[in-house]
Amino acid sequence: LVPRNDVLPQNMKLIDDIRNSESVCVSVRRGDFFNNKNQKSFGVCNEAYYIKAIKLMKEKLNHKNNVKFYVFSDDIEWCKSHIPVGGGEMGIYVSQNMPVYETLRLMYTCKHFVLSNSTFSWWGQFLSTADNKIVVSPSRWNNDGYNSVLIGKDWILIDC
């Protein structure tokens, strides 16, 4: 399952940077998960979850060179002010002002993943061909007590 179209010209440098770094995809879903109707069921991944997950990922990768966090979100401005991934080149906030297949391509090109409780986030890690990928996930994917089959057995789970 890969896009038919080539990488968009404006993303060539970005995808090369992702390929040539110890890249971590941080997927932050907000939008409809945080409206009044859905927040009770789906508003699982809060700011504290991401801070804990990023800290854990930094600890796991502290022996690696060139670690970079690529934050993908439907609310990138919120992420810039609430999800600290590191200064300078360490943290890149990726605008999703592109076709969805292109966002997914950039996500699955990463080597490691901090997931939100979102199937789009799940597809990013699933399509990844990275060897020895580390996947950090919320321990639950909703607030209704349902145990999701989407959570991998070898993932690192964080209580939200």
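**Close-up views of a predicted model**

**View 1. Asp17 and Lys13 share helix α1.** Both residues lie in helix α1 (residues 12-19), four residues apart, or about one turn of the helix; helices here are DSSP runs of H or I with at least four residues, numbered from the N terminus. This is a predicted model, in which local features need pLDDT of at least 70 and side-chain atom pairs count only at pLDDT 80 or more, while totals for chains, interfaces and linings use all residues. Residues are numbered from 1 along each chain as its sequence is written, and side-chain values use heavy atoms, with hydrogens and water left out. Asp17 forms a salt bridge with Lys13, with the closest N and O atoms 2.9 Å apart (a salt bridge is a side-chain nitrogen of Lys or Arg within 4 Å of a carboxyl oxygen of Asp or Glu). Lys13 counts as exposed because its relative accessibility is 59%, whereas Asp17, at 23%, is partly exposed (buried means under 20% relative accessible area, exposed over 50%, partly exposed in between, with a 1.4 Å probe and protein chains only).

**View 2. Met57 sits in helix α3 (residues 47-60).** Met57 counts as buried because its relative accessibility is 0%. Leaving aside neighbours within four places in sequence, its contacts (heavy atoms within 4.5 Å) include Val24, Phe69 and Val136. Met57 and Val136 are 79 residues apart in sequence, yet their C-alpha atoms are 7.8 Å apart in space.

Notes: Helix = DSSP H or I, 4+ residues; strand = E, 2+ residues; numbered from the N terminus.
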